[in-house]
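I opened the notebook to look up a few things in one structure. Overall form comes first, then two residues.

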Amino acid sequence: MKVGCIGLGDIAQKAYLPVLGALPGIELHLQTRTPATLTRVADGLRLPAAQRHADLDALIAQGLDAAFVHAPTEAHPRITERLLEAGVPTYVDKPLAYELADAERLVALAEERGTGLAVGFNRRHAPGYAQCTEHPRDLIIMQKNRTGLPEDPRRMILDDFIHVVDTLRFLAPGTVDDVSVRARVEDGLLHHVVLQLGGDGFTAIGVMNRLSGSTEEILEVSGQDTKRQVLNLAEVVDHRGQPTVRRRGDWVPVARQRGIEQAVLAFLDAVRSGERLSARDALETHALCERVVRAVLEPSA
């Protein structure tokens, strides 16, 4: 199975390539426009020259069975469009695009061409989060905080807060019929944002603070007088009387803990079986993110 990886930045190197490089039956092809990075990463994986590509045309010419896109977000629409037009099932590291119209166009193109398109919402596959679907969820609270990193609102929401938005949607036990957004913006930079979703019998709250004093990710779901917390995707604390704690095993790879390994395997299994994955649900997350962006940029609208 020929699998291409476009873009060799930190996420590709730390999370995806260790998984792809260890899978049997995978002929891995790399593409980046940075020669030094291509050489260094390909050397580390001991890939021959024929599996190293400086441009997208050369990569697509290999007759790929699947591709992973980890290039900067600005390049996602152009690269993904080329792959879909070539009939290559494609996995795109979130988001599909910064602009909702571009994301909608890509999803429509995938459907028109009958080609699979998946978006890398790995937290849906992370064991600590996936297991929360089995827990009562009257109230869902998720925080994903950073230190000293206020940012352009659209970039912050589409590149990072989108994980919070998608996780809330994934765990919501019913249809969302109420959405509200609060935020603090100073000098054009987004400091924090709070999203509240409501539905029949449940409330879901997502928070991101880029000046929090701590880099952390905390998920809490509660209902029926029980509560479950997931701390930094690694530690699960169940509260029903005396708390019980489950920690990530010493030998559990980070990619598995964060759901990346499972997302990769699910995508490749679908490709092998001929299943055409749809990004329609992922598009709903992008649409909700666009709603958050507009609320942040136009608070009185």
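This is a predicted model: local features need pLDDT of at least 70, side-chain atom pairs count only at pLDDT 80 or more; totals for chains, interfaces and linings use all residues.

Before the surface entry I need one definition: accessible areas here come from the Shrake-Rupley method with a 1.4 Å probe. The protein exposes about 14,000 Å². Carbon and sulfur atoms supply 47% of that area.

**Entry: overall form**

I looked up the secondary structure next. I found ten helices and 14 strands in the protein. Then I checked the extent. The C-alpha trace spans about 55 × 45 × 40 Å along its principal axes. I compared the radius of gyration with the globule rule. For 301 residues the rule puts a compact globule near 19 Å, and the protein has 20 Å, so the two agree.

I asked what share of the residues is buried. The figure is 48% of the 301 residues. I also looked at how far apart in sequence the contacting residues are. Among contacts between residues at least 6 apart in sequence, 67% join residues at least 24 apart. For charges, I noted 35 positive and 41 negative. Their mean positions lie 4 Å apart.

**Entry: Thr-32**

Where does Thr-32 lie? I found Thr-32 in the loop between β2 (27-31) and α2 (35-45). Is Thr-32 buried or exposed? Its relative accessibility is 12%, and the cut-off for buried is under 20%, so Thr-32 counts as buried. I then listed its contacts, leaving aside neighbours within four places in sequence. Thr-32 is in contact with Leu-8, Leu-38, His-53 and Ala-54. I also found a polar atom of the Thr-32 side chain 3.3 Å from the backbone nitrogen of Thr-34.

**Entry: Arg-52**

I moved on to Arg-52, which sits in strand β3 (residues 52-53). Its relative accessibility is 23%.

My last look-up was a distance. Arg-52 and Leu-106 are 54 residues apart in sequence. In space they are 26 Å apart, C-alpha to C-alpha.

Methods. Residues are numbered from 1 along each chain as its sequence is written. Side-chain values use heavy atoms; hydrogens and water are left out. Helices (H or I, at least four residues) and strands (E, at least two) are DSSP runs, numbered from the N terminus. The radius of gyration is taken over C-alpha atoms; the globule rule is 2.2 Å times the number of residues to the power 0.38. Buried means under 20% relative accessible area, exposed over 50%, partly exposed in between (1.4 Å probe, protein chains only). Contact means heavy atoms within 4.5 Å. Lys and Arg count as positive and Asp and Glu as negative; His and the chain ends are not counted. The place of a charge is taken as NZ of Lys, CZ of Arg, CG of Asp or CD of Glu. A polar contact is a pair of N or O atoms within 3.5 Å; within protein, one must be able to donate a hydrogen and the other to accept it, and residues adjacent in sequence count only if both atoms are side-chain atoms.
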